[in-house]
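Okay, everyone, thanks for coming.

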Amino acid sequence: LAVEEISHKGKVLSARDGVVSVEIVSSSVCGQCHALGLCGMSESVRKTVQVRDGSSYQPGQEVEVCLATRKGLKAVVLSYVIPVLVLIVLILSLSAAGLPELAAGLLTIAGIAVYYIVLWFFRDSLKEEYVFYIKKQFVDNL
């Protein structure tokens with residue numbers, strides 16, 4: 001039974017005390033388009049990922065950072081699916097309770113904010129659950 005994973009190529013920024021900082025570039029689907037320079041619709045975001053790895057890496061070295069797919073799906077559920085469900089439930093129940101639209105909308109936004117604050121308080125335990133690893137390192141052509 002093979003474990004499916006999400007992987008990104010990145011460059012090592014630093015490696016100290018068994019923690020490797022890797023910069024990855026997340027780009028939109030259209031980032032591979034031949035009209036990328038003309039369109040302006042694509043977006044790419046640079047992210048830094050901390051990977052616990054005892055191997056020795058040098059700054060600038062290219063590596064592949066991975067995360068199990070099921071962990072990625074859980075992150076999507078926690079950050080997008082549950083908040084949308086909370087939003088729908090709150091807006092429908094508050095509207096059904098007879099609150100004016102403005103009050104229902106503001107209370108719904110407050111409910112979503114409370115959800116994200118609770119998620120923020122659990123960030124340390126969630127951080128331990130989402131462990132990135134370096135699958136392979138690429139040989140630099142000198």
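So, β3 gives the largest share of the lining of the largest pocket, 6 residues. Strands here are DSSP runs of E, at least two residues, helices are runs of H or I, at least four, and both are numbered from the N terminus. Quick housekeeping: this is a predicted model, where local features need pLDDT of at least 70, side-chain atom pairs count only at pLDDT 80 or more, and totals for chains, interfaces and linings use all residues. Residues are numbered from 1 along each chain as its sequence is written, and side-chain values use heavy atoms, with hydrogens and water left out.

Back to that lining. β1 (5-16), β2 (19-27), β3 (44-52), β4 (62-68), α2 (69-96) and α4 (123-129) each put in at least two residues. What divides up the residues of that lining? We get 15 nonpolar, 6 polar and 4 charged, with Ala, Val, Leu, Ile, Met, Phe, Trp, Tyr, Cys and Pro counted as nonpolar, Asp, Glu, Lys and Arg as charged, and the others, Gly among them, as polar.

Now the leucine. Leu-107 sits in helix α3 (residues 101-121). Is Leu-107 buried, exposed or partly exposed? Partly exposed, because its relative accessibility is 43%; buried is under 20% relative accessible area, exposed over 50%, partly exposed in between, with a 1.4 Å probe and protein chains only. Beyond its neighbours within four places in sequence, Leu-107 contacts Leu-90, Leu-94 and Leu-99, contact being heavy atoms within 4.5 Å. Take Leu-90: 17 residues from Leu-107 in sequence, and 8.0 Å away, C-alpha to C-alpha.
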